[in-house]
Amino acid sequence: MYQQLQEEDSDSQFEFENPFQFDLQETLYTHKLDKILGTWSGVWLVVGVCIGSGIFASPGLVYDDTQSVGASLCVWLFSGVLSMLGALCYIELGTSYPDSGGELVYLTKAFGPSLGFIYSFCAVLLQRPASIAIISSTFAEYLDRSLNLPDFVSQITAPLFILILTLMNIYSVEKTQLFQHTSTITKLLCILLIGCLAMIRVVVGPRNGMLFETDLFHGSSSELGKYAVASYFSLWAYDGWNTLNLVTEEFQDPSTNLPKAVLQGLLLVTCSYIIINFTYFIVLSKEVFVDSITIALDFAEHIFGTYGPLLMTVIVFIAAASALNASIFASSRLLVAMSRRGHGPQKLGIVHQKTNTPVHSLILQLILSTIYCQVGDIKSLLTLYSFGTWFFYFLTVFGLLVLRYTDPYCSRPFKVWLIVPILFCGLSFFLVLFSVYHTPMAAIVFFSLILTSSLIYLLASRANMTFEDYLESCRVSLARFFPK
């Protein structure tokens, strides 16, 4: 009986009893995405996404909420541990269900198509384009400050940065991966250089940085909500450990290469962040640190003098370009997976025959990211993005526990101890809970988006519509109210 069910499931992998369903025998895309990613390609993607603008923007924001060196370093350590726990859970999910789409695949498997649609709606309209906008806007802020440009220039620079890398992603997957490898290795070498310069400063320079204070925990904040928000800022710097689950379909032997790539990538990221945070605290004083999103420029000015900010802007550009390229590459695959499951227009699932790239998905992503660059500042976007992301991280890992019970016979090449998903769910739940109290506006906006997506799904399911039918009904309704 079980064998029969298993055969039926493999024949109709994406077929669900729901209104948002297309026949996959129809040509939704010209051909499948090629399996071009190996272990080191995965490592460079993880490192590329994680080490981006976050580590150059978040340290000042983390310190502003924690109010001490010791508490700040504890938040960074907590974020690293939480990211590792989440990554281990996602490795199990990715090797058990090796389809591109990440959370969309796992939430649908665990809770059904309704939650999969809600996640798709929120991720496509908020999380993914907001993430791209944050990375690009951070680089634009660094460029403006280092060159003393007017404020409005950043609103042009940030979208232009996204446009150039999107065009490269449209042109060729191979060229995109070559750029990813080169920029990531260069970025790691730059971080190593920063660490070496800081060590030289300890030996020969004045020791006036915050790390040399007698009591590293003096003045630490006593508000738990502030620690939750500070964790969001540091977790943003670590964010990207789930990137490979979005592109599992393009992995060669995912059951072997996915765990290696994620764990090796996170190890490189963690070591890099330890180096960078210590260098900041060795060199900079409290007055410089507070609420700064261009902390690396202050560091460079102390080390190199007048030309320091310009040099650091080049390093931030390399880091941001690497992270932005990896985010654009991975996020566009979510739109493809969403389309294949009937959660969006069919055109988003089309892969160009010659370039092997999802052109329509990349263009839609470009448009949404550009809008976020214009309407939000970095701190508000970061708070909103982090709240939504960690809400779905919690649901996804909770889904792993559900699938252990509802799908016990599934092949799991990589299986974590039960305590790992339980611990991750507990920590992420309290992280979301405390931040609701401290940043209620972000919670209101995000849950409004969830409510909207739920209503769309409910209305379409009642009328037994596909996504295309729903769009057509909206067009007809608008035509009645606004006739030509």
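**View 1. Phe392 and Tyr119, a buried aromatic pair.** At 1% relative accessibility, Phe392 counts as buried (under 20% relative accessible area; over 50% is exposed and in between is partly exposed, with a 1.4 Å probe and protein chains only). Tyr119, also at 1% relative accessibility, counts as buried. This is a predicted model: local features need pLDDT of at least 70, side-chain atom pairs count only at pLDDT 80 or more, and totals for chains, interfaces and linings use all residues. Residues are numbered from 1 along each chain as its sequence is written, and side-chain values use heavy atoms, with hydrogens and water left out.

A search of the whole structure finds 31 aromatic pairs (rings of Phe, Tyr and Trp, the last by its six-membered ring, with centres within 6.5 Å; planes under 30 degrees apart are stacked, over 60 edge-to-face, the rest tilted). Tyr119 and Phe392 form one that is edge-to-face, with 5.1 Å centre to centre and 80° between the planes. Tyr119 sits in helix H6 (residues 113-147) and Phe392 in helix H15 (residues 378-406), so the pair ties together parts 273 residues apart in sequence. Helices here are DSSP runs (H or I, at least four residues), numbered from the N terminus.

**View 2. Phe139 and Phe161, a tilted pair.** The ring centres of Phe139 and Phe161 are 4.9 Å apart and the planes stand at 45°, so the pair is tilted. Phe139 belongs to helix H6 and Phe161 to helix H7 (residues 154-171), 22 residues apart. Both Phe139 and Phe161 are buried.

**View 3. An aromatic cluster.** Tyr90, Tyr106, Trp241, Trp390, Tyr393 and Phe424 form one aromatic cluster.

View 4. Helix H4 covers residues 69-96. Its 28 residues should span 40 Å at 1.5 Å a residue, and the end C-alpha atoms are 41 Å apart, which agrees (expected span: 1.5 Å times one less than the number of residues). Of the 28 residues of H4, 22 are buried, so H4 is largely enclosed by the rest of the structure. Ser68 caps the N-terminal end of H4: a side-chain oxygen lies 3.1 Å from the backbone nitrogen of Ala71.

**View 5. A nonpolar surface patch.** Leu224, Phe429, Phe430, Leu433 and Phe434 form a nonpolar patch on the surface, with about 480 Å² of accessible area together (patch residues have over 30% relative accessible area and no salt bridge; nonpolar side chains are joined within 5 Å). Helix H16 (residues 419-438) gives the largest share, four residues. Phe434 lies in helix H16. At 31% relative accessibility, Phe434 counts as partly exposed.

Note on methods. Helices (H or I, at least four residues) and strands (E, at least two) are DSSP runs, numbered from the N terminus. A polar contact is a pair of N or O atoms within 3.5 Å; within protein, one must be able to donate a hydrogen and the other to accept it, and residues adjacent in sequence count only if both atoms are side-chain atoms. Patches are made of residues with over 30% relative accessible area and no salt bridge: like charges are joined within 9 Å, nonpolar side chains (Val, Leu, Ile, Met, Phe, Trp, Tyr) within 5 Å. Accessible areas come from the Shrake-Rupley method with a 1.4 Å probe; for residues, only the protein chains shown count as cover. A salt bridge is a side-chain nitrogen of Lys or Arg within 4 Å of a carboxyl oxygen of Asp or Glu.
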